[in-house]
Amino acid sequence: MRARRLPLYLGALIVGAAALIALFGPLLAPHDPFVQNLGHRFIPPMWMKGGSAAHILGTDQLGRDYLSRLILGARISMLIGLSTIILSGTIGTALGVLGGYFGGPVDAAVMFIVSCRLAIPVILVALTVVSLVGSSLTVVVLTIGLLLWERFAVVSRAATRQVCALDYIAAAWAAGCSRSRIILREVLPNIVHHLIVIATVDMAIAILLEAALSFLGLGVPPPLPSWGLMIAEGKDYMFFKPWVIEIPGIALLILVLGINLLGDGLRDALGAQTER
Amino acid sequence: MLRYAARSALLAFLVCLTVLVASFALTRVSGNLAINIAGPEATPQTIARIQHQLGLDRPLPVQFFDWADRAAHGDLGESFLFHEKVSHLIATHFPVTFTLGMLGIAIAVAVAIPLGILAALNEGSGIDVAVGFVALAGQAVPSFWLGLLLIIWFGVDLHWLPIAGAATWKGYILPAFVLSFVAIPVMLRMTRGGMVDAMRADYVRTARAKGLSRGSIVLKHAFRNAAMPVVAVSAVQLGFILGGSVVVEVVFNVRGVGYLAWESIGKGDFPVVQAVVLLFAIIFVVLTLLSDLIGAALDPRLRGG
């Protein structure tokens with residue numbers, strides 16, 4: 001039994017650490033992540049030849065401290081992940097619960113909207129929107145949030161249908177509860193464990209999507225240290241200094257892996273049968 | 001079955017129409033295209049001239065029906081920048097993306113199915129855990145980053161494969177491999193789950209009782225049943241792979257439709273962007289429809305509802 005809970009604990013550890021770094025990291029960062037020092041460009045990480053303890057993870061092409069930028073990058077990733085799932089979770093859950101509760105034409109309409117959303121190529125449309133509206137943190141969050149709600153909708157619809165077939169919903173209806181009361185007080189609390197699992201899946205996807213957008217130059221604008229942007233900026237130097245892209249990439253990999261582990265662990269622990 | 005097919009096809013057609021409207025609205029609502037094309041220093045006269053040339057000064061509904069009418073006849077307009085027919089641009093770029101996508105899904109199938117079976121047959125063992133970790137890691141690795149690392153390892157350190165472009169067949173290997181990561185985790189989990197269920201099913205117990213060999217039980221009995229949903233889902237996964245081709249084509253500098261779209265977005269060439277969004281949407285809808293129909297043909301229970 002212990003071993004089965006391992007993903008949950010490991011995931012919670014990684015995500016918890018990332019949350020703490022996002023919250024308090026910038027206070028502890030050794031340097032200002034925006035201060036350039038062209039005399040100290042490309043100092044390698046301290047364990048490599050030529051590295052120094054003053055810059056544990058080295059410096060970038062403008063001489064900015066890499067560790068400090070990485071730490072601020074964690075805040076950007078977590079901020080984007082959380083804001084996106086709040087937005088997409090609200091949209092998706094609202095649609096899914098309505099479809100699942102009312103059924104019939106309402107449900108058909110919801111499923112049709114979901115089909116349309118699935119047909120839209122996410123990365124392409126996100127790139128187009130950001131290039132037209134202009135890149136900023138807010139635009140990226142809104143764009144990703146408005147595109148990634150379909151998993152919430154599909155899962156909350158299925159869960160709502162299951163819950164609505166149960167006796168206590170009929171009992172609430174017989175007791176004279178209003179529809180809105182049934183949805184908010186009876187249905188929602190009983191599908192929330194499914195939603196938490198989907199939230200972790202979507203948060204991971206949102207973080208990867210932001211990194212890809214920033215990498216392509218249409219995400220978080222410089223000089224903000226988004227991990228995707230750090231990889232894009234290091235790309236021209238990667239043949240000679242591979243650590244410039246390796247460090248932010250590994251950070252991204254660990255964070256997303258942690259979120260997915262947490263999601264898998266929660267699914268087992270909460271007994272939510274959800275597709276991914 | 002026929003009724004189900006007709007209903008699904010009608011829905012798919014309606015989805016395509018909606019995406020048509022959406023992809024048109026996307027580029028018109030979010031800003032003045034003429035300003036984007038003319039650049040920030042253009043005079044109002046230049047902007048007005050460009051607007052008139054491109055027909056952007058007409059009322060929106062007129063522009064839409066004109067565009068949709070032409071699109072329905074296969075004329076996707078002319079690129080603002082390349083001064084070439086959009087349909088021609090897409091026709092020349094699409095084969096590259098399609099080849100990449102097919103290779104990607106082929107690699108995904110070749111990796112995911114054997115690994116999924118292996119994990120299911122050793123359920124709960126170290127192998128199962130290791131395969132599960134492969135799926136998790138595959139889901140967590142950013143595709144553009146994996147692409148860059150592979151370029152460093154295979155292109156520069158080992159000199160085995162070209163670092164950019166798809167001039168020869170060797171140029172397709174790395175991008176197709178990276179694209180396959182989009183589909184591997186899902187297909188791996190489905191194969192494993194299906195096989196675990198199948199190996200517990202009564203017909204497998206019967207086959208065992210009949211004294212059939214283990215290989216015959218696994219391949220002829222269990223896998224045939226477990227493979228059905230995986231085959232159906234691989235069509236949908238191909239759609240996701242094509243959608244993800246933008247990033248991979250840019251990383252590897254491969255000139256497919258994804259690269260074309262990225263270039264066009266950067267230059268404000270929106271007839272091309274609209275057309276590529278529409279193309280990907282139609283491909284996805286058709287693949288989903290195929291997947292549904294295959295599923296329904298194989299399993300009549302899926303036809304209801």
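Is Ala106(B) buried, exposed or partly exposed, and how many other C-beta atoms lie within 10 Å? Ala106(B) is partly exposed because 14 other C-beta atoms lie within 10 Å; a residue is buried if 20 or more other C-beta atoms lie within 10 Å of its own, exposed if 12 or fewer, and partly exposed in between, with C-beta atoms placed from the backbone. This is a predicted model, in which local features need pLDDT of at least 70 and side-chain atom pairs count only at pLDDT 80 or more, while totals for chains, interfaces and linings use all residues. Residues are numbered from 1 along each chain as its sequence is written, and chains are lettered from A and ligands numbered from 1 in the order in which they are written.

**Chain A at a glance**

- Chain A has 10 helices and 0 strands; helices (H or I, at least four residues) and strands (E, at least two) are DSSP runs, numbered from the N terminus.
- The C-alpha atoms of chain A fill a box of roughly 75 × 50 × 30 Å along the principal axes.
- Chain A holds 276 residues, and 51% of them are buried.
- The mean pLDDT of chain A is 87, with 97% of its residues at 70 or more; pLDDT is the predictor's confidence in each residue, from 0 to 100.
- Of the contacts in chain A with a separation of 6 or more, 70% join residues 24 or more positions apart; two residues are in contact if their C-beta atoms, placed from the backbone, lie within 7 Å.

**Chain B at a glance**

- Chain B has 13 helices and 0 strands.
- A box of roughly 85 × 55 × 30 Å, taken along the principal axes, is filled by the C-alpha atoms of chain B.
- Chain B has 305 residues, of which 42% count as buried.
- In chain B, residues 24 or more positions apart account for 72% of the contacts with a separation of 6 or more.

**Where the two chains meet**

- On the chain B side, 36 residues are in contact with 33 residues of chain A.
- Helices that each supply at least two residues to this side of chain B include H1 (2-29), H6 (126-140) and H13 (270-298).
- The residues on this side of chain B divide into 28 nonpolar, 8 polar and no charged; Ala, Val, Leu, Ile, Met, Phe, Trp, Tyr, Cys and Pro count as nonpolar, Asp, Glu, Lys and Arg as charged, and the others, Gly among them, as polar.

**The largest nonpolar core**

- The largest nonpolar core has 169 residues, and the ones that touch the most other members are Ala126(A), Leu127(A), Ala212(A), Ala261(B) and Val276(B); such a core is a set of buried Ala, Val, Leu, Ile, Met, Phe, Trp, Tyr and Cys residues joined through C-beta atoms within 7 Å.
- H8(A) gives the largest share of this core, 20 residues.
- Leaving aside neighbours within four places in sequence, Val276(B) is in contact with Leu124(A), Ile90(B), Val257(B), Leu260(B) and Ala261(B).

- Ala106(B), from the opening question, sits in helix H5 (residues 86-121) of chain B.
- The C-alpha atoms of Ala106(B) and Leu238(B) are separated by 9.6 Å, although these residues are 132 apart along the chain.
- Pro271(B) belongs to helix H13 of chain B and is buried, because 22 other C-beta atoms lie within 10 Å.
- Not counting residues up to four places away in sequence, Pro271(B) touches Leu76(B), Gly77(B), Glu78(B), Ser79(B), Phe80(B) and Val86(B).
- Pro271(B) and Leu89(B) are 11 Å apart, C-alpha to C-alpha, and 182 residues apart in sequence.

**Backbone features to look for**

- Most residues other than glycine have a negative phi, and most peptide bonds are trans.
- Pro222(A) and Pro223(A) are joined by a cis peptide bond, with omega about 5°.
- Pro223(A) lies in the loop between helix H8 (179-215) and helix H9 (227-234) of chain A.
- Asn253(B) has a positive phi, near 60°, and is a residue other than glycine.
- Asn253(B) lies in the loop between H11 and H12 of chain B and is partly exposed, because 15 other C-beta atoms lie within 10 Å.
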